Structures are given as C-alpha cells and as structure tokens.
Amino acid sequence: MRKPTPPHESIRAGWLKPLTPGAGPRYQQIVGQLAQAIRTGELASGDQIPPQRWLASELGIDLTTVTRAYTEARNRGLIASFSGRGSYVLAGGGSPHPGSGVDLSMNIPPQPAGGELADRVRNGVADILDRQGIEALSVYQNDATNVSAMQAGQAWLGPALGALASRPLLVCAGTQAAIFSVLLTVARAGDTVLCEPLTYPGFLLAASQLDLRVQAVESDADGVLPDAIDRQHRNTGARVVYLNPTLHNPTTRTMPEQRRRDVAAVLQKRGLTLIEDDPYRYLLHDAPPPLATFTGGQATYYLASLSNCLWPSLRVSFIVPPAEDSGAGVQDSLRASSMGCSSLLLALGEQWIRSGAARQIVQDIQREARARQALARALLPGTAQAPPTGLHVWLPLPGNWNTQVFANALEQRGIIVAGSDAFSVQTSTGDAVRLSIGGARNQEELGQALRQIAALLNEDHRRPSRAIV
Ligand SMILES: Cc1ncc(COP(=O)(O)O)c(C=O)c1O
C-alpha cells in the first residue's frame, strides 16, 4: 500500500497500515490499528480520522467492513462520529491505563470482544422499519402493541414459569418502574415491606419515595429464613415481601429449591404478597424454578426485566400479576407515571425474542460473564463471592478496611465500586463492596482493575498508632 494521502490535510491517515490476510477479521484489524495509534500517541484526542468510504477504497475492502470497524471503535469508546462532520478520536480513547476510569459500580451485562450486539441493534431496527414502517412505530404503547409484546413475553417466560406465563402479562419500561407501581398498588404510606438485609438499592429508593418502612428478614447462605419472615410479619404487621432469589443483587446468592418451597409455604400460610424480582434468571442455565411457581402465582407479582440478560437500553420488563388479579391497579399506576415503553425498543425486544436472537445474546453474555467471573476467582481472595456466571462479585472486606475508606481509596486509583451501605437495610451488614464485572470494557481492563483491588486489600491503611499517655 502506498503512503495514504488523506482526503483533506486536517484528516489523520498516517496510522493506517495494509491489512494482513489470516490475522483475524478485517474490521477488527482496523480497530486494532486505531487503538494502537491512540496508545502510541500517533493519534490524539480530537484528531479527525478518514471518512469510511475513503478508507474502504484505500484498503480495497467493502464499505460494510469499514462501517463495522467504526461501529466497534465507537462501542469501545475510541472515537465519536457526528453526522456530516466525520469521526474523531475521543479523549482517553480506550487507552487501558492500568485501572484508570473503570466504573464497576453499575450492573451492565458484559459483551464479548467482537460481539454482535451493535450489529443486532442496527440490523434489528432496519428490519423493523422495513417491515412495520415508521407510522406503526410513531405511536405510544397501546392495546395492539401490548398484545403483541405480551405474546412475546409469554414465549420468553414460558421456560421458567410454565403455565403461569400464559396469563395476561403487563409490559412496562423497566423493572424499576414495575417495583414502584407494584409497591404503590399493594402498600400504603407507613406500611412495612420485608426484604433481604442487603437488597437492590432501586427497591429501597422506591420504598423511601412512597414513605414505606423497610424491615430486613434474617438470612443465611441460602437466602431469607422462612421462620424469620413469619416472625417479622407478626412483629411488624408487614403484608408484603420483596425478594430477588436468583443471583441476588448484591450477594450473588441463589436460593435453592427447597428454601423456595419453604418460603412460599410461609407466604401462603400468612397470606403475604410477594414481589419476586428475577432479572438474572436466564444468566444461570440451571436456576431453580421461580418462587412464583411454588406460590402458584397466588398473591405474587413476578418481575422479569430484559435489562440484565439482554440490554439495559431496551427498557423493557414483563410483570406477571397475581393469579387472582388482572393487574389493573398496577397498569393504572404505570399509566399515571409514564406513557409506557418506547414502541421502537419494544419492537426490537420482541423481534429478538421471536427470532431467537434473545437466547443467543443471553448465551454471549453468559460466556463472557463466565470468563470474567473466572478471572475474579483467580485474582481475588477466596472470600470473594464470584458465582460461575452473573454480573457482579461480592467482596467482603478484611478487618483492616472500612467500606467507605476502601471505596475512596479505589476511586483515587480510578476504580469506582458500589459500597455495602448502598444495599443495606440496617446499618450493621458488614464492610463489603460490589464489583460489576460488565463495567470494564474488556477482560484485560477488568483484570488490571481486579489486580489493583486485590493489592489494596492487603494494604494496611491504618496510621501507625500514636502513643497514648
Ligand atoms: C434486582 C434488580 N432489579 C431491577 C433492576 C433494574 O431493572 P430495570 O433496568 O429493568 O429497571 C436491577 C438492575 O440492576 C436489579 O439488580
């Protein structure tokens, strides 16, 4: 290849090298060249890179390959593209400085390197536009879109819920909205809701906004203790229980089948309402049946988000209302707070479910999560709870560290984690942090962050004690 002459002198093309046959997919080679040029300083933040058409003709390859490379580069945070103005290198563009700027505080499903998600979104949206036309997508969620989405939801939930999935489902813009609306429907200000001692912060936020009291139920390694539910129900008069029994956020625990049966028996005996939040089920291929199957769906709201097993940006979640209820109360409160899902994103979620793409995305995430969890088990001490798969690791801290001090020390090293206080119902749940393995851009970056975390655990941050006289 001759030395490339860019189409305009302000555009940087000197980094471009001929592609090597057999050295991996061509789009990845282009991304690799770009990343290396940024790493070595040949390209700096704000530099403009060549238009895709020019690059395709310069390399003698298809425009679609270059488009794929630019998409991947954007996904990796290397460049940003602006319609009509071209593509530019981003500040800090993906440079894997050890531990710099890694946010492990948000639960994001990790995508495998060179994964297909961007293509699936692009092709899925193009297909939906072709088949449905823009008019059908320019509507608010309505009865017709509800029926179609509900049928997709029934197909999605069938393997987990069996016959319960054939009931009319509600479809809403994410489980967070579902939790708020269900709580609004089943509890009144001042009521007490029971939950695990460490629980999903979004539930705590919703409860606090609704002026509900929250009472932790004693738990062991298998989850909440059935007798403790009974006791707290009698002590507090609570009639509602919120649980996340599969790959629990944040402890990663999964409640075994027998405990589910025992918990369901207590709930039914006492006539308590269960909110079962089950966003991680499909990441575990051998998860025990949902609690809802043991209550027969009676007085149970089953919530199944697509965020954590497919893509958070879909903002789609299904609600299976109690067997004896149409869910009209929850539907009304969902309507009162939002106009439902985006028709485009709902159509995309449906298309993924109907085409089988959703199951493949789950498998991609599972595969990547397995590799990342294995890395966590290899690099962190044995006290870390890193399940075979799942989106996060729970790391109890040794006695020399307090949660806040540890999280601050990590932040100074450019690593953001979530401290146990964010999940704690009562104050004394022990010092620990949650590490979301999908927050790192790739396994290398995660490995670097985990090594720093492991090293910090061994540091003694306490000042040398002063002589007390
Ligand atoms: C237990 C639990 N419920 C709900 C959510 C949020 O779901 P959604 O994105 O559908 O609002 C999360 C997100 O991490 C979660 O961990």
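Is His248 buried or exposed? Before I answer, please note that this is a predicted model. His248 has a relative accessible area of 6%, and the cut-off for buried is under 20%, so His248 counts as buried.

To find His248, go to the loop between strand S10, residues 240-243, and helix H9, residues 257-270. Apart from neighbours within four places in sequence, His248 is in contact with Glu196, Leu198, Thr199, Arg253 and His392. For a sense of scale, take Leu183, which is 65 residues from His248 in sequence. In space, C-alpha to C-alpha, His248 and Leu183 are 20 Å apart.

As background, most residues other than glycine have a negative phi, and most peptide bonds are trans. The peptide bond from Asn249 to Pro250 is cis, with omega near 15°. Pro250 lies in the loop between S10 and H9. Thr252 also belongs to the loop between S10 and H9, and its phi is positive, near 75°, though Thr252 is not a glycine. The relative accessible area of Thr252 is 9%, which means Thr252 is buried.

Next comes helix H9, where Glu257 is placed. How accessible is Glu257? Its relative accessibility is 32%, so Glu257 counts as partly exposed. The side chain of Glu257 makes a polar contact with the side chain of Arg261, at 2.7 Å. Not counting residues up to four places away in sequence, Glu257 touches Pro288, Pro289 and Phe294. Leu210 is 47 residues from Glu257 along the chain, and their C-alpha atoms are separated by 32 Å.

Further along is Asp278, in the loop between strand S11, residues 273-277, and helix H10, residues 291-294. Asp278 has 3% relative accessibility and so counts as buried. What does the side chain of Asp278 make a polar contact with? The partner is the side chain of Tyr302, at 2.5 Å. Tyr302 is also among the contacts of Asp278 beyond four places in sequence, along with Thr246, Pro290, Leu303 and Ala304.

Ala299 is not a glycine, yet its phi is positive, about 50°. At 18% relative accessibility, Ala299 counts as buried, because the cut-off is under 20%.

Now some helices, starting with a pair. Helix H6 covers residues 175-186 and helix H7 covers residues 201-209. Two packed helices are described by the angle between their axes and the distance between the axes. For H6 and H7 the angle is about 35° and the axes are 9 Å apart. Their crossing is right-handed. On the H6 side, the residues that meet H7 are Gln176, Ile179, Phe180 and Leu183. On the H7 side, they are Gly202, Phe203, Ala206, Ala207 and Gln209. The residues of this contact divide into six nonpolar, three polar and no charged.

Helix H8 spans residues 226-236, and its buried residues are Pro226, Ala228, Ile229, Asp230, Gln232 and His233. What covers the buried residues of H8? The cover includes strand S6 (192-195), strand S7 (213-216), strand S9 (223-224), S10 and H9. H8 is followed by Gly237, which has a positive phi near 75°.

The last stop is helix H14, residues 403-412. The buried residues of H14 are Thr403, Phe406, Ala407, Ala409 and Leu410. Why do they line one face of the helix? Seen down the axis of H14, these buried residues fall within an arc of 160°, so they line one face. In general, an α-helix has 3.6 residues a turn, so residues three or four places apart point the same way.

The buried residues of H14 pack against strands S15 (415-416), S16 (418-419) and S17 (432-436), and against helix H15 (443-458). Just after H14 comes Gly414, with a positive phi of about 85°.

That is where I will stop.

Technical notes:
Residues numbered from 1 in each chain as written. Predicted model: local features only at pLDDT ≥ 70, side-chain atom pairs only at ≥ 80, totals over all residues. Heavy atoms only, no water. Buried < 20%, exposed > 50% of the residue type's maximum accessible area, 1.4 Å probe, protein only. Helix = DSSP H or I, 4+ residues; strand = E, 2+ residues; numbered from the N terminus. Arc of directions from axis to C-beta. Contact = heavy atoms within 4.5 Å. Axes fitted to C-alpha atoms, helices over the stretch in contact; angles between N-to-C directions. Left-handed = near helix turned anticlockwise from the far one by under 90°. Nonpolar A, V, L, I, M, F, W, Y, C, P; charged D, E, K, R; others polar. Polar contact = N/O pair within 3.5 Å; in protein donor to acceptor, adjacent residues only side chain to side chain.
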